[in-house]
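Dear colleague,

Please find below the structure that I am handing over to you. My notes on the ligand site and on selected contacts follow it.

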Amino acid sequence: MRVELHHVVKRYGKLAALAGVDLDLASGTRIALIGPNGSGKTTLTRAVMGLVEHDGEIRLDGRAGAAARAALAPRIAYVPQIAPQMAATVGDLVRTVAGVRGLAPRAIVDVAAALGLEVATVKDRAFRGLSGGMKQKLLIALALGARPDLIILDEPTASLDAEARARFVELERELLAGATVILCSHRLDELRAMVHRVVALADGKIVHDGAADAYVTGHTHSIFELLVGDVAANDAAATWLATEGFARTAGGWWSRAVDHDAKMRLLPEAMTVLGPALRDVVVRDLDRVTVAGEVAS
Ligand SMILES: Nc1ncnc2c1ncn2[C@@H]1O[C@H](COP(=O)(O)OP(=O)(O)O)[C@@H](O)[C@H]1O
Ligand SMILES: [Mg+2]
């Protein structure tokens with residue numbers, strides 16, 4: 001499904017949550033929407049879903065307006081950042097969504113099972129009483145099970161463990177090949193596997209729009225660790241480590257966070273300056289892409 005935003009503005013009082021966003025996603029385009037907290041990612045996704053009033057125009061497959069949106073709804077799925085507080089039981093929810101979507105409940109139940117949620121064991125529980133991880137698994141299953149042509153995923157795996165996240169990425173690729181995807185996530189594993197374009201927001205405006213590969217490489221931070229022998233007796237080593245901002249950790253290891261450029265520069269320098277005192281080097285990528293205004297975590 002094609003998604004077009006033409007100068008979309010959303011104000012909350014004086015604050016412009018979206019300050020004039022233009023975006024044109026051809027059918028089958030997969031983007032990650034990133035940016036610091038409060039930059040407008042959720043507002044943009046909710047506007048595309050028709051959940052917030054706004055100025056400007058949003059067209060889906062070339063059509064704007066409520067009637068068009070209603071007609072296209074069966075082909076659209078949404079995993080919200082904050083799970084709705086639904087009192088319905090899990091069983092009722094699965095049956096209702098399957099009914100409305102014209103699916104066999106199996107289509108949903110199987111996706112949930114692949115994520116590690118057995119619907120049968122929680123079918124009589126109220127959705128709102130589930131744990132955060134269970135809610136997220138069910139919302140993903142309800143969305144992916146419908147095999148939509150447009151899917152909007154707003155930080156869909158924030159409450160999932162590493163295994164469920166990996167299964168989610170696999171399932172998404174398997175079930176939604178060809179779909180238009182808008183994914184709000186800074187997770188490297190998801191960006192690398194699921195999208196080919198990164199759109200960055202800041203203060204409600206698009207500040208970057210480009211290929212995912214280059215962006216991910218440029219904004220991946222790593223932890224750079226050096227095992228250095230006998231620093232106390234080695235002035236050159238001690239001075240270099242201090243100047244470069246390394247902090248002593250345990251057992252002779254020194255550590256600091258680095259971006260891509262620093263990573264490429266520091267290794268040869270460490271070898272030259274530290275020489276034989278350099279006993280070991282470890283570089284670990286952090287699992288999130290960092291963006292301006294955000295601290296690596
Ligand atoms: N319902 C609302 N009422 C008032 N302000 C809101 C509302 N929703 C979002 N905002 C504000 O709009 C800005 C963008 O929020 P949001 O779209 O949630 O950002 P993000 O998802 O990037 O963290 C923030 O400053 C936020 O406080
Ligand atoms: Mg958000």
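A polar contact is taken here as a pair of N or O atoms within 3.5 Å; within protein, one atom must be able to donate a hydrogen and the other to accept it, and residues adjacent in sequence count only if both atoms are side-chain atoms. By this criterion, a polar side-chain atom of K41 lies 2.8 Å from an oxygen atom of ligand 1. An oxygen atom of ligand 1 is also 2.9 Å from a polar backbone atom of T42, and a backbone N or O atom of G40 lies 3.0 Å from an oxygen atom of the ligand. Taken alone, ligand 1 exposes 560 Å², of which the protein buries 60% (Shrake-Rupley method, 1.4 Å probe).

The model is predicted: local features need pLDDT of at least 70 and side-chain atom pairs pLDDT 80 or more, while totals for chains, interfaces and linings use all residues. Residues are numbered from 1 along each chain as its sequence is written, chains are lettered from A and ligands numbered from 1 in the order in which they are written, and side-chain values use heavy atoms, without hydrogens and water.

The shell around ligand 1 (residues with a heavy atom within 4 Å) consists of Y12, L15, A17, P36, N37, G38, S39, G40, K41, T42 and T43. These divide into 4 nonpolar, 6 polar and 1 charged, with Gly counted as polar and Ala, Leu, Pro and Tyr among the nonpolar residues. Helix α1 gives the largest share of the shell, 3 residues (helices are DSSP runs of H or I, at least four residues; strands are runs of E, at least two).

Turning to contacts within the protein, the structure holds 21 salt bridges (a side-chain nitrogen of Lys or Arg within 4 Å of a carboxyl oxygen of Asp or Glu). One of them joins D285 and R192, with the closest N and O atoms 4.0 Å apart. Because D285 lies in strand β13 (residues 278-289) and R192 in helix α8 (residues 188-194), this pair ties together parts 93 residues apart in sequence.

R173, in helix α7 (residues 162-175), reaches the backbone oxygen of A193 with its side chain at 2.8 Å. The C-alpha atoms of R173 and A193 are separated by 8.3 Å.

Yours sincerely
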